[in-house]
Every structure is written in structure tokens, then in C-alpha cells.
Amino acid sequence: DVETNDVETIQIVNTKRGDLFWIDHRNVVIEEGFNCREDYGDIEALAQSIITNGQLEPILVFKKRGEEKYVVIEGHRRRLAVNLANELGHTIMLKAIIGSANPEDRLFAQVITGTGKLPLNPIETAEVFKRLTLHGYTVEQIVARVGKSGGHVYNMLRLAEVPIKVKNAITSGEIAATTVMQLVRNTDEDKLVEVIEQAISVSKASGEKRVTNKTVSVVTK
């Protein structure tokens, strides 16, 4: 379901795909469960930047049929930051561009980021690629759209299948995604969690913030 707000809407001009326009932040909503981003970074800092410098990059939205509501395709952080800025007493409209409502196009928009945008982390990217394959996309088709190597896409798809404990360790920064992929290639699947937990434990005991290649070598002898 799409999140809605029971507030009075403002008059909005008719728009078509590609149009750049300004919209009341209360009319911009999200589709729960669609965005693969979990780490939104420092929203307060982004809000202050927008208050001081304006919103430099527009968000990408599509219009809900029959309603004066716009669903975010790309730009969830900017939406949250503008919402916060308005809560702090500023009157700031969201700069937006109309994009495609097609689910596959919206997934690609999450991983194709421009200058000044916070890219998805490896686990979030892996989830996007996995969803694209469920929509019928091949690795080659994903490569052509996102501009990454086939090896990168294959690695992300493997990463999408690792246990949740491993994903949490990557997200928390205890082990790098590249280190996990090295272990995935060289470790029995049923032992992966055990090996990674052991590597994290050894690293912490040594005062290291993240598992190193040296630690991996020790626990996989």
C-alpha cells in the first residue's frame, strides 16, 4: 500500500514524463516495501544543506492514477530531508521530475545514482538485482542498464542469497562485502555463518574494527 496523508492538497499543474516541477511535500508519498534502501544516512545534515543551499537534485516520482499524489521512485532521502525542513518551520517545496511507473524501471532507478546522491550499500544493491531477476531480467540485461561488470552483478546476486546474519554483519561494518564474497567462493555453504562469526570474534579480540584478510586466513586454515 502507498502511504497517504490526510491533508489539504494544493493545486498541481498537469505534468508528463520528464517534466521538472515543484510540489508540496505533503503530496509526495512512498510505496511501502518497494524501496530497497535501509540506510538513509544523516537526514538532519541533508535537511540543513537543503535549507541553506536548496534542493540541488530533483527527486523522481510517478503520479497515482486518479489522485493528486506522487509516489517516490528515487530520492527517498531528499523527501525525508525536505519533510524535516518543513517540520522545522521552513517552507520548502520538493523539486521533482515525472518518471516511469513501471516496476522494473523504478528498480533500476534505485541503483543508477548521480553526483551527490548516496549510493545503495552492497546488501541493498544485491536486493535490487535479485528483484530484477524475479522480473525476468538476465545478468546481461542488468549489466547493460546499470553499467557494471558481469562479475559485479553475479557477486551481488550471490550476496543476495547469504544468510541474514551475514547480511547484518556487512551492514554493521564488521566485515566487508568483498571479504564475504571471497568466503562464499571458498567455504562450504553450511559453514559460512560459523566461519564469519569466528572471524568477527577474532578481529574484535585483536582490537580490529573489521575483519581483515589476515583474520580470514587464520580462521580458514
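**Entry 1. Strand pairing**

I take two strands as paired if DSSP finds at least two bridges between them. On that basis I looked up strand 3 (residues 59-63) and strand 4 (residues 70-74) in this predicted model; 4 bridges join these two strands, and their directions are antiparallel. Within this pairing, I found V61 opposite V72 of strand 4.

**Entry 2. Confidence**

I checked the confidence before going further. The mean pLDDT of the protein is 88, and 90% of its residues reach 70 or more. Residues 1-13 are a stretch with pLDDT below 50, although the model gives this stretch 31 contacts beyond near neighbours in sequence. Where pLDDT is low, predicted coordinates should not be read in detail.

**Entry 3. Aromatic pairs**

How many aromatic pairs does the structure hold? I recorded 2. In one of them, F21 and Y70 are tilted, with 5.4 Å from centre to centre and 50° between the planes. F21 belongs to strand 1 and Y70 to strand 4, so this pair ties together parts that are 49 residues apart in sequence. I noted both F21 and Y70 as buried.

For F108 and Y137, I found ring centres 5.1 Å apart and planes at 75°; planes over 60 degrees apart count as edge-to-face, so this pair is edge-to-face. F108 lies in helix 3, whereas Y137 lies in the loop between helix 4 (122-134) and helix 5 (139-146), so the pair ties together parts that are 29 residues apart in sequence. F108 has 1% relative accessibility and counts as buried.

**Entry 4. Charges over rings**

I next looked for charged side chains placed over rings. The ring of F108 has the charged end of R145 over it, 4.0 Å from the ring centre. I also found R106 over the face of F34, at 3.9 Å from the ring centre.

**Entry 5. S203**

Is S203 buried or exposed? I placed S203 in helix 9 (residues 192-205). Its relative accessibility is 2%; the cut-off for buried is under 20%, so S203 counts as buried. Setting aside residues up to four places away in sequence, I listed E208, R210, V211, T212 and T215 as touching S203.

**Entry 6. K167**

I located K167 in helix 7 (residues 164-171). At 16% relative accessibility, this lysine also falls under the 20% cut-off and therefore counts as buried. Apart from neighbours within four places in sequence, K167 contacts I123, L159, A160 and V162.

Note on methods: Residues are numbered from 1 along each chain as its sequence is written. This is a predicted model: local features need pLDDT of at least 70, side-chain atom pairs count only at pLDDT 80 or more; totals for chains, interfaces and linings use all residues. Side-chain values use heavy atoms; hydrogens and water are left out. pLDDT is the predictor's confidence in each residue, from 0 to 100. Contact means heavy atoms within 4.5 Å. Buried means under 20% relative accessible area, exposed over 50%, partly exposed in between (1.4 Å probe, protein chains only). Rings of Phe, Tyr and Trp (its six-membered ring) pair if their centres lie within 6.5 Å; planes under 30 degrees apart count as stacked, over 60 as edge-to-face and the rest as tilted. A charge sits over a ring if NZ of Lys or CZ of Arg is within 6 Å of the ring centre and within 35 degrees of the ring normal.
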